[in-house]
Amino acid sequence: MKTAHWQLPGDAEQLPAAIAFLQGFWEEAELPMALGFTFELALEEVFLNVALHGADSSRVPSVELAVTASDTEVVLVVADDARPFDPLTLATPDIGAALEDRTIGGLGVHLVRQMMDTVSYTYEAGHNRLRMTKHLSQS
Amino acid sequence: MDMNTENVDGITVALPAGRLDFGAAGPFQQQLEQAVAAKPRGLIVDCSSLDYVSSAGLRVFLVAARAAKAAGIGFAVSSMKPAVKEVFDLTGFGNVITLCADRAAAVTALA
């Protein structure tokens, strides 16, 4: 089992650094590249939700990333100390709407839910924690 | 993110390359808006060199498709790699934007 942790400011400008952290882990743990796309997308969507919507004007939230890989699954946990917010309560976007009526709100979380095997949210000790899991095929 | 554009028989072909993430979305949107403003016969986004797209990137396709439609310009997206195609499929964007397997099919779709 391999694991890595990193703490960084929940600022949109930190997104490339957050992605680089994940890519570094991917190389070190020799994980499948196709799965890397899924996790990079999930990290971007979740991190930006915190950075763009979780922050109040007085303070940049702190974000903690934890990624763990075993023989059977990869788990990414994104925790933050912004105001309590469960992204899984966001309404599913209407993906059948016409071009003019399309909105992008909620689409990122929709993608994360579709692409991950499990996504769960908890709020504990002042922190939002979103836990995302993808099973590894036993081939 | 790098993006080249080509003009083929009055159709502008935009070729975004690499990662279309939150940081790349703004410049990409500007380039597509400029392409629409030049009033080509059609606009194709050839994604053959695009490795990654997030919801911030998807938004740009939506904005460009609307701008092109409002300007009476045909708009199509072609040549997506499987991972990028999956993001389009999971969001149902194929229902509102013309997606083509390759550039030739996109040219045909805009004819």
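1. Aromatic pairs. In this predicted model, the number of aromatic pairs over all chains is seven. One of them joins B:Phe61 and B:Phe88 in an edge-to-face arrangement, with 5.0 Å from centre to centre and 80 degrees between the planes.

2. Placement of the B:Phe61 and B:Phe88 pair. B:Phe61 belongs to helix α2 (residues 55-70) of chain B, whereas B:Phe88 belongs to helix α3 (residues 82-90) of chain B; the pair therefore ties together parts that are 27 residues apart in sequence. Both B:Phe61 and B:Phe88 are buried. The two rings also belong to one aromatic cluster, which is formed by B:Phe28, B:Phe61, B:Phe88 and B:Phe93.

3. Surroundings of α3(B). The buried residues in α3(B) include B:Phe88, together with B:Val84, B:Val87 and B:Leu90. Elements of both chains contribute to the cover over the buried residues of this helix: α2 and α3 from chain A are included, as are β4 (50-53), α2, β5 (74-78) and β6 (98-100) from chain B. After α3(B) comes B:Gly92, which has a positive phi, near 70 degrees.

4. A charge over a ring. In chain B, the face of B:Tyr52 has B:Arg19 lying over it, at 4.1 Å from the ring centre.

5. Helix packing in chain A. Helix α1 (residues 15-29) and helix α2 (residues 33-54) of chain A have axes that come within 10 Å and cross at roughly 150 degrees. This makes α1(A) roughly antiparallel to α2(A), because angles over 145 degrees are placed in that class. The crossing of α1(A) past α2(A) is right-handed.

6. Residues at the contact of α1(A) and α2(A). From α1(A), the residues in contact are A:Leu15, A:Ala18, A:Ile19, A:Leu22, A:Gln23 and A:Trp26. They meet a set in α2(A) that includes A:Met33, A:Leu35, A:Gly36, A:Phe39 and A:Glu40, and also A:Leu43, A:Glu44, A:Phe47 and A:Leu48. As background, an α-helix has 3.6 residues a turn, so residues three or four places apart point the same way.

7. A:Ala98. The loop between β3 (73-80) and α3 (107-115) of chain A contains A:Ala98. Its relative accessibility is 38%, so A:Ala98 counts as partly exposed. Between A:Ala98 and A:Ala29 there are 69 residues of separation in sequence and 43 Å in space, taken from C-alpha to C-alpha.

Definitions and conventions
Residues numbered from 1 in each chain as written. Chains lettered and ligands numbered in written order. Predicted model: local features only at pLDDT ≥ 70, side-chain atom pairs only at ≥ 80, totals over all residues. Heavy atoms only, no water. Phe/Tyr/Trp six-rings, centres within 6.5 Å; stacked < 30°, edge-to-face > 60°. Helix = DSSP H or I, 4+ residues; strand = E, 2+ residues; numbered from the N terminus. Buried < 20%, exposed > 50% of the residue type's maximum accessible area, 1.4 Å probe, protein only. Lys NZ or Arg CZ within 6 Å of the ring centre and 35° of its normal. Axes fitted to C-alpha atoms, helices over the stretch in contact; angles between N-to-C directions. Parallel < 35°, antiparallel > 145°, perpendicular 65-115°, else oblique. Left-handed = near helix turned anticlockwise from the far one by under 90°. Contact = heavy atoms within 4.5 Å.
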